[in-house]
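Please keep the sequence and the structure in view while reading.

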Amino acid sequence: MSEETNSGPRTLIDEAVQSTTALGPMMGLAQEDFVGAIGVLLRETASDPARTMRHTQAFSEDVIKIMTGKSDLAPNPKDKRFMDPAWHFNPFMKASAQYYLAIQKGMKSWVEELELDDIEKDRANFISTIIIDALAPTNTLAGNPTAQKRMIDSGGLSLVKGLKNAYNDMVYNDGMVSQVDKKPFKLGENVATSKGNVVYRNEMMELIQYAPTTDEVYAIPQLTIPPQINKMYINDLSPEKSVVKWQVDNGIQTFVISWLNPQKEHGHWGMAEYIASCREALDAICEITGSDKVNVSGGCSGGQTLAMLLSKLAAEEDERVNAVTLMVCVLHPKQNDLEAGSLMSKNSLQLAKQRAAKQDVIPGNSLARGFAWLRPNDLIWNYVINNYLMGDDPPAFDVLFWNADATNLSASLMGDFLTIFETLAFVNHGELNMVDHDVDISKIKNDMFILGGVTDHITPWRACYRSTQLFGSKNIEFILSQSGHMQAILNPPTNPKAKYFKLKGNTPDKQKKPPADVDKWLSGTEEVKGSWWPYWMEWLQLRAGDKIPAAASLGSKKHPPMESAPGLYVLD
């Protein structure tokens, strides 16, 4: 494989889009959890000197074999870090790789033998993996033959460019290695280009109505509630993968909320305030369209917000919400869902809540930084090699541009999300009082369309599937899309590799009840070639009422159109 393939933009894009940031249980991690996990390793090292000596001796034997050329240690053929031919044919490089692999092997063997319970062992494995990944020789110029070749071939210019990239990150990117080249993208010009207008605004959000592209539209409109930690234009990145364009082109009256990026003075915004804004959006949509029903979708933390909204409406017997779509959203989290889940503890959740209470907002860049260090190979070291050692620019890709455009999170909302996670509010029906009601999503009867992603590391699909058992709905469709977190959603019909899984026999107008056992569901599925978007659209249209003539203009007399989409708040 060529050096361009090993470290080029396509590889970085493929890996990074699987790890786009989203608000999840990892926000409850505290640095004490990392320190505690390291403390476990140190404690076990001291508790049994004989065991430590035995593993040290085994490592020494591996080193001797390496020095005498008798070692058979070799990298995994799929490990892209060691695909340069120099790792196999240059004796010094080969020895360097084998030395690293000996450390990796020794650490894994040692952790396996530690007398720890399952959670502590998972913590030890997680922390040791982060440490070992940081020690990889490929992370340095001296230990990366591909970067050395690039330096020689370029006459040293790659090193100069790499140093410039590192300087720019130190000065302009808060010391974090850049994951995307932002320069080619401009909102409203080549990102978020669908036509529309802001038709309602309060201090927390703008409501955007998108212009119809068909002569007739379905009577029941569609509202999207986006996550509070990222900008809303993930729904309208580019024409070929715009959920907004797909909706309006199929006759759906489309509305999307755009949250204001909260600043210091907005730290008191909690779940109650966000739900109130969602209800104001429903009021405006019903007035503008004349419909007494609204279909609603939400993803990630926007899906959790949607679940809370539905619970509140059910408690008040407000039946304006019709069909519901939940995308890559976990309502029933478990500790082992995430790779970092073993680090979470009751103590860390309490610490996170206490810290949130003392702050006004949690900066978006600090959340992104913490997340990056939970997946350092994908989100840090790949870019160190590409940007600094190879002297390449990070890839210019719209999903990564959106991912880097993180927003702050109000401290009150952070605390509410932590409380929801800690109490399993959506599972333990009626036990938590929030937004002035006892949270109980079992009272929700709406038709549901729930989406998970096969390789989603943020909201694992099996965790998303548990939501099928939480609602009181009779008709629930669970669709498993290929790819990772946001790519599972942004999987349009133009994607030649698209495919999804659904329960055999299910059609958009009729669904069998999803079984409680996720493996039983999986064994009863069929693979469907192509995007899940057409299937969802047919499902949605069947629940969107009759067709009516499209309005000649956006908004209404009470809610006249204001700024063009994507609005003003998205620019903050």
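## The largest pocket

Helices (H or I, at least four residues) and strands (E, at least two) are DSSP runs, numbered from the N terminus. This is a predicted model, in which local features need pLDDT of at least 70 and side-chain atom pairs count only at pLDDT 80 or more, while totals for chains, interfaces and linings use all residues. Residues are numbered from 1 along each chain as its sequence is written, and side-chain values use heavy atoms, with hydrogens and water left out.

Rolling a probe the size of a water molecule over the atoms shows where empty space is left. On a 1 Å grid over the protein atoms alone, a pocket is an open set of points where a 1.4 Å probe fits, with protein on both sides within 12 Å along at least five of seven lines, whereas a cavity is a set from which the probe cannot get out; lining residues have an atom within 4 Å of a point. Grid points are joined across faces, edges and corners, and a volume is the space filled by probe spheres set on the points. The largest pocket holds about 780 Å³ of space, and of the 32 residues that line this pocket, N173, S178, Q179, K182 and A404 are the closest to its centre.

Which helices each supply at least two residues of the lining of the largest pocket? They are helix 9 (157-172), helix 14 (364-372), helix 15 (376-389) and helix 16 (398-404). The lining has 12 nonpolar residues (Ala, Val, Leu, Ile, Met, Phe, Trp, Tyr, Cys and Pro), nine charged residues (Asp, Glu, Lys and Arg) and 11 polar residues (the others, Gly among them). A404 lies in helix 16 and is partly exposed, with a relative accessible area of 38%, where buried means under 20%, exposed over 50% and partly exposed in between (1.4 Å probe, protein chains only).

## Aromatic rings

Rings of Phe, Tyr and Trp (its six-membered ring) pair if their centres lie within 6.5 Å, and planes under 30 degrees apart count as stacked, over 60 as edge-to-face and the rest as tilted. By this rule the model has 17 aromatic pairs. In one of them, the rings of W246 and W533 have centres 5.9 Å apart and planes at 50 degrees, so the pair is tilted. This pair links distant parts of the chain, since W246 belongs to helix 10 (residues 243-249) and W533 to helix 21 (residues 533-541), 287 residues apart. W246 is partly exposed, at a relative accessible area of 21%, whereas W533 is buried at 2%.

For W259 and Y274, the ring centres are 4.8 Å apart and the planes stand at 75 degrees, so this pair is edge-to-face. W259 is in strand 5 (residues 254-259) and Y274 in helix 11 (residues 271-289), 15 residues apart, and both residues are buried. Ring pairs also link F449, W532, W536 and W539 into a cluster.

## Cysteines

How many disulfides are counted? With a disulfide taken as a pair of cysteine sulfur atoms within 2.5 Å, the count is zero. C278 is in no disulfide, and the nearest cysteine sulfur, that of C329, is 13 Å away; C278 is buried, at 0% relative accessibility. C286 is likewise in no disulfide, with the nearest cysteine sulfur, that of C278, 13 Å away, and C286 counts as buried at 13% relative accessibility.
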